[in-house]
Amino acid sequence: MKIVDVVCSAGRTGFYFDDQRAIKTGAKANGAAYEGRPVTEGFTSVRQAGESISVMLILEDGQVAYGDCAAVQYSGAGGRDPLFLAKDFIPVIEKHIKPVLVGAEAKSFKTLAEKVDKMEVEGKRLHTAIRYGVTQAILDGVAKATKRLMCDVVADEYGCAVSEKMIPIFTQSGDNRYENADKMIMKRAQILPHALINNVDTKLGRDGKFLIEYVAWLRKRILELRIDETYNPILHIDVYGTIGAAFGNDNYEEMANYIGKLAETAKPFALRIEGPMDVEDREGQMLTLKKLTEKIDEKGISAELVADEWCNTLDDIKYFADNKAGHMVQIKTPDLGGVNNIIEAVLYCKGKGIGAYQGGTCNETDRSAQVCVNIAMAVQPVQILAKPGMGVDEGYMIVFNEMQRILALRKALRK
């Protein structure tokens, strides 16, 4: 079945674009906004509304397949592509992508997705957000044209088996890390709370005191609110490089000792620490995270480290996985461009014995989250992020419900 038209519409995401560098260097929160001047190119304020583009493929029989182009909250930081604004990129899709897709057969996701993902314009690859949304639409288009679920298309083309159970869901709190933690516990989220520890002075503490106090509170709160002892969530906290900023990026002994204290405080719950340091360089980040991972293991500390910053593309993920830089790698879905790369990344990490966390960003849409769920059900990562947004309820609902639909439909279709 052929694609006969490509239609674009501008949209909003479930969160905002934030200038990470400005926040790290002291931009102050003022309600939902931030005070201060942006420092990353393209930003007009430290926080600004997130934007998306819906890409709709019209098939010969009138069916419409779609995906959403979106970029991460911290665009332009950590080696990522620049700010993604709909007015700038709808013309790019219409000029360069539409001629490639109109008239194409929607029969092989992998073939068509790779063609789009590898496209270059004036010697440069397309923005990751464009490749992300267009390949989502291609996956949906092939699924509709061949009368299969998206997860089954992935499984069939990549030799996977669709999961017969839910993939554990990781929820993120944003700055509302206390009230939102309550929501997570009441909904029995399997991994929580992210916590957004992105400032040393106000959230970690120069000696790490604030985060230890928060982990102690979180442990106590889970024990207070859980209905029974079968609920034992994993505590996963993103520290945005603040542990390295507080103790020294190459001070592996002190960083490991501090993470050990956090792990002891978290017990009986397991602990994951994402992005312990950020050295503002890909190779340096890999080497420091590798050394800290080795130190954590050498000391027998019961915590897992998660690679995030400077681990953006499929090549980056392979680089970190090959070198055992972290116990787990976040596959930050919009950063990989085509969703075909998400599939490859999860399968590669699993093959290397590294935990695959199929993540993303709060700054996505309901549609990109649904497509990512279908991919996760096919490739089976360790965990998947609840997205978009930072309100917990909405993102968790979207991801949870899509998984339940897949499980119910596949069961019914087998009858």
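Q: How many of the contacts between residues at least 6 apart in sequence join residues at least 24 apart?
A: A contact means heavy atoms within 4.5 Å. In this protein, among contacts between residues at least 6 apart in sequence, 75% join residues at least 24 apart.

Q: What kind of model is this, and how are residues numbered?
A: This is a predicted model, where local features need pLDDT of at least 70, side-chain atom pairs count only at pLDDT 80 or more, and totals for chains, interfaces and linings use all residues. Residues are numbered from 1 along each chain as its sequence is written, and side-chain values use heavy atoms, with hydrogens and water left out.

Q: How many helices and strands are there?
A: Both are DSSP runs, numbered from the N terminus: helices (H or I) need at least four residues, strands (E) at least two. Here the protein has 15 helices and 15 strands.

Q: Why is the protein called as compact as a globular protein of its length?
A: Take the radius of gyration over C-alpha atoms, then apply the globule rule: 2.2 Å times the number of residues to the power 0.38. The rule gives 22 Å for 415 residues, and the protein's radius is 21 Å, close to that, so it is as compact as a globular protein of that length. Its C-alpha trace spans about 60 × 55 × 40 Å along the principal axes.

Q: What share of the residues is buried?
A: Buried means under 20% relative accessible area, exposed means over 50%, and partly exposed lies in between (1.4 Å probe, protein chains only). Of the 415 residues, 58% are buried.

Q: Where is Arg 188, and where is Val 392?
A: Arg 188 is in the loop between helix H6 (179-186) and E9. Val 392 is in the loop between strand E15 (383-385) and helix H15 (393-413).

Q: Is Val 392 buried or exposed?
A: Val 392 is buried, at 5% relative accessible area. Arg 188 counts as partly exposed, at 33% relative accessibility.
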